[in-house]
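I have one structure to walk you through, so let me put it up.

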Amino acid sequence: MRVYYEDTDSGGVVYHSNYLKYMERARTEWLRHLGFEQTELKDALNSLFVVHSMQIQFKKPAKFNDLLTVTSELSMIGHGSFVFLQTISLDTQTLVEANVKIACVDALTFKPSKIPNQLKLKLQQLSSGSYQMEPA
């Protein structure tokens, strides 16, 4: 994903909260790559996925016009949550690394719920839980 001017501060460095947007987009594309649209999960299966918690390390800054690689690797599947190891890198250098716990909640009540069976089975079938966003 390309860093646009709007993503940066006055010094041309990516503003820290924008890394969260990049990771969110990568997780959405990862689900889409598996055949699951978030709107369909909500409408047909009454399930939403929300960030429960996150540990993040900012190692080096990304800058205006950098072409970043955002990777999402599934590292744990539970009954109602899963965890991703996400990295944002420039060429071969890791800029940001995060462990992101995603919780499944009921779309109407926002109370914790189980991961829908269709999705959980697909997640368990993955031999490699990694998905890398292609540059836009």
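This is a predicted model: local features need pLDDT of at least 70, side-chain atom pairs count only at pLDDT 80 or more; totals for chains, interfaces and linings use all residues.

Residues are numbered from 1 along each chain as its sequence is written, and side-chain values use heavy atoms, with hydrogens and water left out.

Let's start inside. The largest nonpolar core has 29 residues, and the ones with the most contacts inside it are Tyr 19, Tyr 22, Phe 82 and Ile 88. By nonpolar core I mean a set of buried Ala, Val, Leu, Ile, Met, Phe, Trp, Tyr and Cys residues joined through side-chain atoms within 4.5 Å. Buried is under 20% relative accessible area, exposed is over 50%, and partly exposed is in between, with a 1.4 Å probe and protein chains only. Which elements give two or more residues to this core? Those are helix H1 (16–33), strands E2 (68–77), E3 (81–90) and E4 (93–106), and helix H3 (117–125). As background, nonpolar side chains tend to be buried together in soluble globular proteins.

Now, helix H1. H1 has 18 residues and reaches 27 Å from its first C-alpha to its last, close to the 26 Å expected at 1.5 Å a residue. That expected span is 1.5 Å times one less than the number of residues. The buried residues of H1 are Asn 18, Tyr 19, Tyr 22, Met 23, Ala 26, Arg 27, Trp 30 and Leu 31. Take Asn 18: its relative accessible area is 6%, so Asn 18 is buried. If you skip neighbours within four places in sequence, Asn 18 is in contact with Glu 6 and Asp 7, where contact means heavy atoms within 4.5 Å. And just after H1, Gly 35 takes a positive phi of about 100°.

What does the side chain of Ser 72 make a polar contact with? The partner is the side chain of Gln 86, at 2.9 Å. For a polar contact I want a pair of N or O atoms within 3.5 Å; within protein, one must be able to donate a hydrogen and the other to accept it, and residues adjacent in sequence count only if both atoms are side-chain atoms.

On to the rings. The structure holds six aromatic pairs. Tyr 19 and Tyr 22 are one of them: the centres are 6.2 Å apart and the planes sit at 85°, so the pair is edge-to-face. The cut-offs apply to rings of Phe, Tyr and Trp (its six-membered ring): centres within 6.5 Å, then planes under 30 degrees apart are stacked, over 60 edge-to-face, and the rest tilted. Phe 82 and Phe 84 also pair edge-to-face, at 5.6 Å centre to centre and 80° between the planes.

Charges next. There are five salt bridges, meaning a side-chain nitrogen of Lys or Arg within 4 Å of a carboxyl oxygen of Asp or Glu. Glu 29 and Arg 32 meet at 2.6 Å, N to O, and they are three residues apart in H1, about one helical turn. Arg 32 also bridges to Glu 37, with the closest N and O atoms 2.8 Å apart. Elsewhere, Lys 42 pairs with Asp 43 at 4.0 Å. Back to the shared partners: Glu 29, Arg 32 and Glu 37 join into one network.

Last, two positive phi values in residues other than glycine. Asn 46, in the loop between helix H2 (38–45) and strand E1 (47–58), has phi near 55°. Asp 91 has phi near 55° as well; Asp 91 is in the loop between E3 and E4. Is Asp 91 buried or exposed? Exposed, with a relative accessible area of 68%.

Note on methods. Helices (H or I, at least four residues) and strands (E, at least two) are DSSP runs, numbered from the N terminus.
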